[in-house]
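Please open the structure in your viewer and keep the selection panel at hand. The stops below go from one chain to the pair and then to single residues.

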Protein chains: 2
Amino acid sequence: MTSYDRSMPAQPYHHGDLRNALLAAATEAIEQSGPAALSLRELARRAGVSHAAPAHHFGDKAGLLTELAAQGYELLADAVRAAGPDLAEAGIAYVRFAVGHRAHFTVMFEPGLYHPDDPHLVAARARADQALSAALAASAPERAAENELKLAAWSIVHGFAQLWNSGSLGDRSGEDPATIARAVIGNLLRT
Amino acid sequence: MTSYDRSMPAQPYHHGDLRNALLAAATEAIEQSGPAALSLRELARRAGVSHAAPAHHFGDKAGLLTELAAQGYELLADAVRAAGPDLAEAGIAYVRFAVGHRAHFTVMFEPGLYHPDDPHLVAARARADQALSAALAASAPERAAENELKLAAWSIVHGFAQLWNSGSLGDRSGEDPATIARAVIGNLLRT
DNA sequence: AGAGCATCTTGACACCATCAAGTTAGGGGC
DNA sequence: GCCCCTAACTTGATGGTGTCAAGATGCTCT
(Lines give C-alpha, C1' and ligand atoms only; values in the text may rest on other atoms or scores of the structure.)
Protein backbone atom coordinates (compact mmCIF):
# COMPACT_ATOMS: atom_id res chain seq x y z
CA MET A 1 0.00 0.00 0.00
CA THR A 2 1.47 3.31 -1.02
CA SER A 3 0.90 6.37 1.11
CA TYR A 4 -1.44 7.81 -1.52
CA ASP A 5 -2.91 6.02 -4.45
CA ARG A 6 -3.85 7.40 -7.82
CA SER A 7 -5.88 5.72 -10.46
CA MET A 8 -3.98 7.90 -12.93
CA PRO A 9 -1.18 6.68 -15.23
CA ALA A 10 1.95 5.29 -13.74
CA GLN A 11 4.43 7.53 -11.89
CA PRO A 12 3.47 7.86 -8.24
CA TYR A 13 6.99 8.67 -7.11
CA HIS A 14 8.09 11.74 -5.28
CA HIS A 15 5.75 14.26 -6.79
CA GLY A 16 3.07 11.86 -7.73
CA ASP A 17 2.50 12.83 -11.31
CA LEU A 18 5.02 15.45 -12.26
CA ARG A 19 4.99 14.65 -15.93
CA ASN A 20 1.32 15.43 -16.38
CA ALA A 21 1.49 18.36 -14.00
CA LEU A 22 4.18 19.93 -16.16
CA LEU A 23 2.20 19.36 -19.34
CA ALA A 24 -0.88 20.94 -17.79
CA ALA A 25 1.08 23.92 -16.52
CA ALA A 26 2.71 24.35 -19.92
CA THR A 27 -0.69 24.31 -21.61
CA GLU A 28 -1.96 27.01 -19.31
CA ALA A 29 1.15 29.16 -19.68
CA ILE A 30 1.10 28.92 -23.48
CA GLU A 31 -2.58 29.82 -23.59
CA GLN A 32 -1.81 32.98 -21.66
CA SER A 33 1.47 34.14 -23.19
CA GLY A 34 2.31 32.00 -26.19
CA PRO A 35 5.03 29.39 -26.59
CA ALA A 36 7.85 31.92 -26.92
CA ALA A 37 7.41 33.06 -23.33
CA LEU A 38 7.43 29.50 -21.95
CA SER A 39 10.04 28.79 -19.29
CA LEU A 40 10.88 25.38 -17.92
CA ARG A 41 12.01 26.93 -14.66
CA GLU A 42 8.69 28.68 -14.23
CA LEU A 43 6.87 25.41 -14.82
CA ALA A 44 9.07 23.72 -12.24
CA ARG A 45 8.31 26.49 -9.75
CA ARG A 46 4.58 26.10 -10.28
CA ALA A 47 4.84 22.36 -9.75
CA GLY A 48 6.94 22.83 -6.62
CA VAL A 49 10.00 20.98 -7.87
CA SER A 50 13.57 21.98 -8.62
CA HIS A 51 14.55 23.78 -11.78
CA ALA A 52 16.10 20.76 -13.46
CA ALA A 53 13.30 18.31 -12.78
CA PRO A 54 11.52 18.86 -16.11
CA ALA A 55 14.62 17.88 -18.05
CA HIS A 56 14.46 14.42 -16.56
CA HIS A 57 11.00 13.74 -17.97
CA PHE A 58 11.33 15.46 -21.32
CA GLY A 59 15.05 15.79 -21.84
CA ASP A 60 14.54 19.13 -23.36
CA LYS A 61 12.23 22.07 -23.75
CA ALA A 62 11.59 20.85 -27.27
CA GLY A 63 10.88 17.42 -25.78
CA LEU A 64 8.09 18.81 -23.64
CA LEU A 65 6.59 20.61 -26.61
CA THR A 66 6.92 17.43 -28.67
CA GLU A 67 4.77 15.65 -26.13
CA LEU A 68 2.25 18.51 -26.15
CA ALA A 69 2.03 18.43 -29.93
CA ALA A 70 1.58 14.66 -29.96
CA GLN A 71 -1.21 14.93 -27.38
CA GLY A 72 -2.75 17.59 -29.58
CA TYR A 73 -2.78 15.37 -32.65
CA GLU A 74 -4.38 12.60 -30.63
CA LEU A 75 -7.07 14.93 -29.32
CA LEU A 76 -7.66 16.28 -32.80
CA ALA A 77 -8.03 12.80 -34.26
CA ASP A 78 -10.54 11.90 -31.56
CA ALA A 79 -12.52 15.11 -32.06
CA VAL A 80 -12.76 14.68 -35.82
CA ARG A 81 -13.72 11.03 -35.52
CA ALA A 82 -16.40 11.83 -32.95
CA ALA A 83 -18.00 14.32 -35.34
CA GLY A 84 -19.39 11.54 -37.48
CA PRO A 85 -19.54 11.01 -41.23
CA ASP A 86 -20.39 14.60 -42.22
CA LEU A 87 -17.55 16.64 -43.70
CA ALA A 88 -18.95 19.98 -42.51
CA GLU A 89 -19.33 18.64 -38.97
CA ALA A 90 -15.79 17.32 -39.06
CA GLY A 91 -14.63 20.79 -40.06
CA ILE A 92 -16.52 22.38 -37.23
CA ALA A 93 -15.00 19.87 -34.86
CA TYR A 94 -11.59 20.90 -36.19
CA VAL A 95 -12.33 24.54 -35.43
CA ARG A 96 -13.74 23.70 -32.02
CA PHE A 97 -10.58 21.80 -31.19
CA ALA A 98 -8.34 24.63 -32.34
CA VAL A 99 -10.19 27.24 -30.29
CA GLY A 100 -10.73 25.01 -27.27
CA HIS A 101 -7.14 23.76 -27.19
CA ARG A 102 -5.36 26.85 -28.37
CA ALA A 103 -2.03 25.91 -26.81
CA HIS A 104 -1.89 22.47 -28.39
CA PHE A 105 -2.99 23.81 -31.75
CA THR A 106 -0.45 26.60 -31.75
CA VAL A 107 2.45 24.28 -30.96
CA MET A 108 1.35 21.56 -33.39
CA PHE A 109 1.78 23.80 -36.40
CA GLU A 110 5.02 25.45 -35.36
CA PRO A 111 7.39 22.56 -36.00
CA GLY A 112 10.46 24.60 -35.14
CA LEU A 113 9.45 24.28 -31.51
CA TYR A 114 9.66 20.52 -31.18
CA HIS A 115 11.34 17.34 -32.46
CA PRO A 116 9.47 16.60 -35.68
CA ASP A 117 10.81 13.05 -35.99
CA ASP A 118 9.66 11.78 -32.61
CA PRO A 119 7.88 8.47 -33.20
CA HIS A 120 5.00 9.18 -30.83
CA LEU A 121 4.41 12.46 -32.62
CA VAL A 122 4.53 11.09 -36.16
CA ALA A 123 2.16 8.29 -35.19
CA ALA A 124 -0.31 10.73 -33.68
CA ARG A 125 -0.07 12.99 -36.70
CA ALA A 126 -0.74 10.07 -39.00
CA ARG A 127 -3.79 9.17 -36.92
CA ALA A 128 -5.13 12.70 -37.26
CA ASP A 129 -4.51 12.69 -40.97
CA GLN A 130 -6.38 9.44 -41.32
CA ALA A 131 -9.29 10.88 -39.38
CA LEU A 132 -9.50 13.79 -41.82
CA SER A 133 -9.36 11.46 -44.81
CA ALA A 134 -12.02 9.26 -43.28
CA ALA A 135 -14.35 12.21 -42.82
CA LEU A 136 -13.90 13.12 -46.46
CA ALA A 137 -14.45 9.56 -47.65
CA ALA A 138 -17.58 9.10 -45.55
CA SER A 139 -19.12 12.36 -46.64
CA ALA A 140 -18.25 12.46 -50.32
CA PRO A 141 -17.11 8.97 -51.31
CA GLU A 142 -17.27 9.72 -55.03
CA ARG A 143 -14.79 12.57 -54.59
CA ALA A 144 -12.56 11.00 -52.00
CA ALA A 145 -9.82 10.55 -54.56
CA GLU A 146 -9.62 14.28 -55.25
CA ASN A 147 -6.73 15.49 -53.24
CA GLU A 148 -7.67 19.10 -53.89
CA LEU A 149 -10.97 18.78 -52.07
CA LYS A 150 -9.31 17.41 -48.97
CA LEU A 151 -6.73 20.14 -49.19
CA ALA A 152 -9.39 22.81 -49.68
CA ALA A 153 -11.45 21.61 -46.74
CA TRP A 154 -8.42 21.34 -44.51
CA SER A 155 -7.19 24.76 -45.60
CA ILE A 156 -10.45 26.56 -44.96
CA VAL A 157 -11.00 25.24 -41.46
CA HIS A 158 -7.34 25.55 -40.57
CA GLY A 159 -7.16 29.09 -41.89
CA PHE A 160 -10.30 30.16 -40.11
CA ALA A 161 -9.08 28.65 -36.85
CA GLN A 162 -5.73 30.35 -37.08
CA LEU A 163 -7.21 33.72 -37.99
CA TRP A 164 -9.59 33.41 -35.08
CA ASN A 165 -6.92 32.36 -32.60
CA SER A 166 -4.50 35.07 -33.69
CA GLY A 167 -7.11 37.75 -33.18
CA SER A 168 -6.93 38.80 -36.83
CA LEU A 169 -10.72 38.82 -37.08
CA GLY A 170 -11.08 41.73 -34.67
CA ASP A 171 -13.02 41.71 -31.45
CA ARG A 172 -15.56 38.94 -31.76
CA SER A 173 -15.82 38.14 -28.09
CA GLY A 174 -19.25 36.85 -27.35
CA GLU A 175 -19.68 35.30 -30.77
CA ASP A 176 -19.41 31.57 -31.23
CA PRO A 177 -16.59 30.53 -33.54
CA ALA A 178 -18.36 27.29 -34.42
CA THR A 179 -21.44 28.98 -35.86
CA ILE A 180 -19.34 31.40 -37.88
CA ALA A 181 -17.23 28.49 -39.06
CA ARG A 182 -20.41 26.73 -40.18
CA ALA A 183 -21.32 29.66 -42.41
CA VAL A 184 -17.80 29.91 -43.78
CA ILE A 185 -17.63 26.21 -44.57
CA GLY A 186 -20.98 26.54 -46.34
CA ASN A 187 -19.21 28.61 -48.99
CA LEU A 188 -17.01 25.66 -49.84
CA LEU A 189 -19.49 22.81 -49.70
CA ARG A 190 -22.49 24.28 -51.45
CA THR A 191 -23.35 21.96 -54.35
CA MET B 1 31.39 65.11 -48.09
CA THR B 2 31.01 62.04 -45.95
CA SER B 3 33.58 59.31 -46.05
CA TYR B 4 31.11 56.99 -47.76
CA ASP B 5 27.83 57.92 -49.33
CA ARG B 6 24.72 55.87 -49.65
CA SER B 7 21.72 56.56 -51.74
CA MET B 8 19.78 54.41 -49.29
CA PRO B 9 17.25 55.76 -46.81
CA ALA B 10 18.39 58.06 -44.10
CA GLN B 11 20.76 56.87 -41.35
CA PRO B 12 24.34 57.02 -42.58
CA TYR B 13 25.81 57.30 -39.08
CA HIS B 14 28.33 54.98 -37.59
CA HIS B 15 27.19 51.76 -39.15
CA GLY B 16 25.54 53.23 -42.18
CA ASP B 17 22.17 51.58 -42.04
CA LEU B 18 22.03 49.46 -38.96
CA ARG B 19 18.27 49.53 -38.66
CA ASN B 20 17.68 47.89 -42.02
CA ALA B 21 20.64 45.59 -41.60
CA LEU B 22 19.10 44.26 -38.40
CA LEU B 23 15.72 43.78 -40.02
CA ALA B 24 17.29 41.89 -42.91
CA ALA B 25 19.34 39.70 -40.58
CA ALA B 26 16.27 39.00 -38.48
CA THR B 27 14.32 37.98 -41.57
CA GLU B 28 17.01 35.56 -42.56
CA ALA B 29 17.39 34.12 -39.09
CA ILE B 30 13.64 33.60 -38.68
CA GLU B 31 13.41 31.93 -42.07
CA GLN B 32 16.02 29.44 -40.96
CA SER B 33 15.10 28.74 -37.35
CA GLY B 34 11.79 30.38 -36.53
CA PRO B 35 11.09 33.39 -34.35
CA ALA B 36 11.55 31.53 -31.10
CA ALA B 37 15.25 31.06 -31.76
CA LEU B 38 15.82 34.71 -32.63
CA SER B 39 18.48 36.45 -30.57
CA LEU B 40 19.15 40.17 -30.59
CA ARG B 41 22.75 39.59 -29.59
CA GLU B 42 23.25 37.25 -32.52
CA LEU B 43 21.83 39.86 -34.87
CA ALA B 44 24.16 42.44 -33.40
CA ARG B 45 27.09 40.10 -33.89
CA ARG B 46 26.20 39.55 -37.54
CA ALA B 47 25.93 43.29 -38.10
CA GLY B 48 29.25 43.87 -36.35
CA VAL B 49 27.93 46.09 -33.59
CA SER B 50 27.73 45.78 -29.83
CA HIS B 51 25.10 43.70 -28.12
CA ALA B 52 22.95 46.62 -26.99
CA ALA B 53 22.84 48.44 -30.30
CA PRO B 54 19.57 46.90 -31.48
CA ALA B 55 17.73 48.15 -28.42
CA HIS B 56 18.42 51.72 -29.44
CA HIS B 57 16.60 51.32 -32.75
CA PHE B 58 13.74 49.13 -31.67
CA GLY B 59 13.60 49.56 -27.93
CA ASP B 60 12.82 45.97 -27.54
CA LYS B 61 12.89 42.56 -29.16
CA ALA B 62 9.14 42.90 -29.55
CA GLY B 63 9.77 46.31 -31.12
CA LEU B 64 11.92 44.77 -33.84
CA LEU B 65 9.29 42.14 -34.54
CA THR B 66 6.63 44.87 -34.57
CA GLU B 67 8.52 46.57 -37.36
CA LEU B 68 8.90 43.29 -39.23
CA ALA B 69 5.18 42.59 -38.96
CA ALA B 70 4.30 46.10 -40.14
CA GLN B 71 6.61 45.72 -43.12
CA GLY B 72 4.92 42.40 -43.82
CA TYR B 73 1.45 43.93 -43.89
CA GLU B 74 2.65 46.63 -46.25
CA LEU B 75 4.20 44.08 -48.57
CA LEU B 76 1.06 41.96 -48.42
CA ALA B 77 -1.16 44.92 -49.27
CA ASP B 78 1.04 45.76 -52.24
CA ALA B 79 1.10 42.17 -53.47
CA VAL B 80 -2.68 41.78 -53.29
CA ARG B 81 -3.30 45.11 -54.98
CA ALA B 82 -0.86 44.27 -57.76
CA ALA B 83 -2.76 41.06 -58.49
CA GLY B 84 -5.57 43.00 -60.10
CA PRO B 85 -9.36 42.71 -59.84
CA ASP B 86 -9.61 38.91 -59.84
CA LEU B 87 -10.34 37.30 -56.49
CA ALA B 88 -8.58 34.05 -57.35
CA GLU B 89 -5.47 35.93 -58.47
CA ALA B 90 -5.54 37.94 -55.27
CA GLY B 91 -5.66 34.70 -53.33
CA ILE B 92 -2.73 33.32 -55.24
CA ALA B 93 -0.82 36.53 -54.57
CA TYR B 94 -1.58 36.01 -50.86
CA VAL B 95 -0.10 32.53 -50.98
CA ARG B 96 2.89 33.69 -52.97
CA PHE B 97 3.57 36.36 -50.39
CA ALA B 98 3.26 33.93 -47.51
CA VAL B 99 5.66 31.45 -49.07
CA GLY B 100 8.07 34.03 -50.40
CA HIS B 101 8.20 36.03 -47.18
CA ARG B 102 7.89 33.24 -44.69
CA ALA B 103 9.47 35.17 -41.86
CA HIS B 104 7.21 38.18 -42.17
CA PHE B 105 4.15 36.00 -42.54
CA THR B 106 4.96 33.90 -39.52
CA VAL B 107 5.49 36.89 -37.28
CA MET B 108 2.44 38.78 -38.54
CA PHE B 109 0.05 36.14 -37.28
CA GLU B 110 1.71 35.48 -33.95
CA PRO B 111 0.67 38.64 -32.13
CA GLY B 112 2.19 37.54 -28.86
CA LEU B 113 5.58 38.32 -30.38
CA TYR B 114 5.10 42.04 -30.97
CA HIS B 115 3.30 45.19 -29.79
CA PRO B 116 -0.15 44.86 -31.32
CA ASP B 117 -1.11 48.49 -30.67
CA ASP B 118 1.80 50.11 -32.47
CA PRO B 119 0.35 52.78 -34.79
CA HIS B 120 2.53 51.89 -37.77
CA LEU B 121 1.49 48.29 -37.40
CA VAL B 122 -2.24 48.94 -37.12
CA ALA B 123 -2.15 51.28 -40.11
CA ALA B 124 -0.37 48.71 -42.23
CA ARG B 125 -2.77 46.00 -41.15
CA ALA B 126 -5.72 48.20 -42.08
CA ARG B 127 -4.19 48.80 -45.49
CA ALA B 128 -3.84 45.07 -46.07
CA ASP B 129 -7.40 44.47 -44.95
CA GLN B 130 -8.63 47.12 -47.38
CA ALA B 131 -6.67 45.47 -50.17
CA LEU B 132 -8.43 42.18 -49.48
CA SER B 133 -11.84 43.84 -49.39
CA ALA B 134 -11.08 45.67 -52.63
CA ALA B 135 -10.17 42.43 -54.36
CA LEU B 136 -13.48 40.94 -53.26
CA ALA B 137 -15.47 43.99 -54.35
CA ALA B 138 -13.81 44.15 -57.74
CA SER B 139 -14.27 40.47 -58.44
CA ALA B 140 -17.78 39.84 -57.11
CA PRO B 141 -19.41 43.23 -56.54
CA GLU B 142 -22.85 41.74 -56.02
CA ARG B 143 -21.60 39.67 -53.11
CA ALA B 144 -19.19 42.18 -51.60
CA ALA B 145 -21.54 42.71 -48.69
CA GLU B 146 -21.36 39.05 -47.67
CA ASN B 147 -18.87 38.90 -44.91
CA GLU B 148 -18.80 35.12 -45.02
CA LEU B 149 -17.41 35.07 -48.54
CA LYS B 150 -14.55 37.35 -47.62
CA LEU B 151 -13.91 35.26 -44.55
CA ALA B 152 -14.06 32.04 -46.54
CA ALA B 153 -11.66 33.32 -49.18
CA TRP B 154 -9.27 34.66 -46.58
CA SER B 155 -9.47 31.45 -44.58
CA ILE B 156 -8.74 29.13 -47.46
CA VAL B 157 -5.68 30.96 -48.73
CA HIS B 158 -4.42 31.65 -45.23
CA GLY B 159 -4.91 28.06 -44.19
CA PHE B 160 -3.22 26.68 -47.27
CA ALA B 161 -0.27 29.05 -46.81
CA GLN B 162 0.17 28.11 -43.20
CA LEU B 163 -0.12 24.38 -43.85
CA TRP B 164 2.45 24.74 -46.62
CA ASN B 165 4.85 26.82 -44.56
CA SER B 166 4.61 24.57 -41.53
CA GLY B 167 5.45 21.51 -43.59
CA SER B 168 2.16 19.82 -42.73
CA LEU B 169 1.60 18.90 -46.37
CA GLY B 170 4.53 16.54 -46.49
CA ASP B 171 7.47 16.76 -48.81
CA ARG B 172 6.35 18.84 -51.75
CA SER B 173 9.71 20.24 -52.65
CA GLY B 174 9.85 20.88 -56.34
CA GLU B 175 6.14 21.55 -56.61
CA ASP B 176 4.91 25.09 -57.04
CA PRO B 177 2.67 26.25 -54.20
CA ALA B 178 0.94 28.78 -56.42
CA THR B 179 -0.37 26.21 -58.89
CA ILE B 180 -1.58 23.94 -56.11
CA ALA B 181 -3.19 26.96 -54.48
CA ARG B 182 -4.97 27.72 -57.74
CA ALA B 183 -6.57 24.29 -57.77
CA VAL B 184 -7.51 24.56 -54.10
CA ILE B 185 -9.10 27.97 -54.55
CA GLY B 186 -11.04 26.60 -57.48
CA ASN B 187 -13.01 24.48 -55.03
CA LEU B 188 -14.28 27.63 -53.35
CA LEU B 189 -14.96 29.84 -56.34
CA ARG B 190 -16.58 27.45 -58.77
CA THR B 191 -19.98 28.91 -59.65
C1' DA C 1 34.73 76.20 -33.80
C1' DG C 2 31.33 74.62 -30.72
C1' DA C 3 26.75 72.98 -29.08
C1' DG C 4 23.35 69.40 -29.54
C1' DC C 5 21.87 65.08 -30.38
C1' DA C 6 21.31 60.59 -32.46
C1' DT C 7 24.23 56.61 -32.57
C1' DC C 8 26.59 53.21 -30.49
C1' DT C 9 29.58 50.98 -26.45
C1' DT C 10 30.52 49.22 -21.86
C1' DG C 11 29.17 47.08 -17.91
C1' DA C 12 25.96 45.09 -14.96
C1' DC C 13 21.87 42.28 -13.46
C1' DA C 14 18.51 38.80 -13.49
C1' DC C 15 16.75 35.06 -15.92
C1' DC C 16 17.09 31.02 -18.68
C1' DA C 17 18.42 26.13 -20.82
C1' DT C 18 21.38 22.61 -20.29
C1' DC C 19 24.78 19.47 -18.32
C1' DA C 20 27.25 16.74 -14.60
C1' DA C 21 27.27 14.83 -10.27
C1' DG C 22 25.09 13.74 -6.16
C1' DT C 23 20.85 12.39 -3.25
C1' DT C 24 16.42 10.16 -2.20
C1' DA C 25 13.09 6.60 -2.29
C1' DG C 26 10.56 2.68 -3.88
C1' DG C 27 10.55 -2.63 -5.65
C1' DG C 28 12.49 -7.12 -6.50
C1' DG C 29 15.59 -10.78 -5.24
C1' DC C 30 17.62 -13.36 -1.59
C1' DG D 1 13.90 -8.28 6.66
C1' DC D 2 17.83 -6.72 4.30
C1' DC D 3 20.27 -5.02 0.03
C1' DC D 4 20.92 -3.53 -4.35
C1' DC D 5 19.21 -1.35 -8.38
C1' DT D 6 17.03 2.02 -10.74
C1' DA D 7 13.85 5.83 -11.53
C1' DA D 8 12.91 10.40 -9.67
C1' DC D 9 14.57 14.41 -8.24
C1' DT D 10 18.24 18.08 -6.27
C1' DT D 11 22.31 20.94 -6.29
C1' DG D 12 25.66 23.54 -8.49
C1' DA D 13 27.93 25.45 -12.37
C1' DT D 14 28.37 27.29 -17.18
C1' DG D 15 27.35 29.98 -21.08
C1' DG D 16 23.85 32.48 -23.39
C1' DT D 17 20.08 36.02 -23.40
C1' DG D 18 17.08 40.54 -22.81
C1' DT D 19 17.09 44.77 -20.67
C1' DC D 20 18.62 48.81 -18.24
C1' DA D 21 21.90 52.76 -16.93
C1' DA D 22 25.71 55.42 -17.93
C1' DG D 23 29.24 56.84 -20.80
C1' DA D 24 31.76 57.56 -25.30
C1' DT D 25 31.68 58.86 -30.32
C1' DG D 26 30.94 61.47 -34.25
C1' DC D 27 27.75 63.79 -37.63
C1' DT D 28 25.15 68.23 -38.43
C1' DC D 29 23.95 72.64 -38.15
C1' DT D 30 24.64 77.17 -36.63
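The model is a predicted one, in which local features need pLDDT of at least 70 and side-chain atom pairs count only at pLDDT 80 or more, while totals for chains, interfaces and linings use all residues. Residues are numbered from 1 along each chain as its sequence is written, and chains are lettered from A and ligands numbered from 1 in the order in which they are written.

**Chain A as a whole**

Select chain A, which holds nine helices and zero strands, and whose C-alpha trace spans about 60 × 35 × 30 Å along its principal axes. Colour it by pLDDT (the predictor's confidence in each residue, from 0 to 100): the average for chain A is 92, and 92% of the residues score at least 70. Residues 1–12 of chain A, by contrast, have a pLDDT below 50, and this stretch has eight contacts in the model beyond near neighbours in sequence; a contact means that the C-beta atoms of two residues, placed from the backbone, lie within 7 Å.

**Helix H8 of chain A**

Next select residues 147–165 of chain A, which form helix H8. Its 19 residues should span 27 Å at 1.5 Å a residue, and the end C-alpha atoms of H8(A) are 27 Å apart, which agrees. For burial, count other C-beta atoms within 10 Å of a residue's own, again placed from the backbone: 20 or more make it buried, 12 or fewer exposed, and anything in between partly exposed. By that count 14 of the 19 residues of H8(A) are buried, so this helix is largely enclosed by the rest of the structure. Just after H8(A), look at Gly167(A), which takes a positive phi of about 80°.

In the loop between H7 and H8 of chain A you will find Glu146(A), which counts as partly exposed because it has 14 C-beta neighbours inside 10 Å.

**The two chains together**

Select the interface, where 28 residues of chain B are in contact with 28 residues of chain A. On the side of chain B that touches chain A, helices H8 (147–165) and H9 (177–189) of chain B each supply at least two residues, and the largest share, 12 residues, comes from H8(B). Since 100% of the interface residues of chain B are also interface residues in chain A, the copies meet through the same surface.

**Two stops in chain B**

Centre on Val157(B), which touches Gly91(B), Tyr94(B), Val95(B), Ala181(B) and Ile185(B), not counting residues up to four places away in sequence.

Finish at Glu31(B) in helix H1 (residues 18–33) of chain B, which is partly exposed, with 13 other C-beta atoms within 10 Å. Which residues does Glu31(B) touch, not counting residues up to four places away in sequence? They are Arg102(B) and Ala103(B), and the C-alpha atoms of Glu31(B) and Ala103(B) are separated by 5.1 Å although these residues are 72 apart along the chain.

Key
Helix = DSSP H or I, 4+ residues; strand = E, 2+ residues; numbered from the N terminus. Expected span 1.5 Å × (residues − 1).
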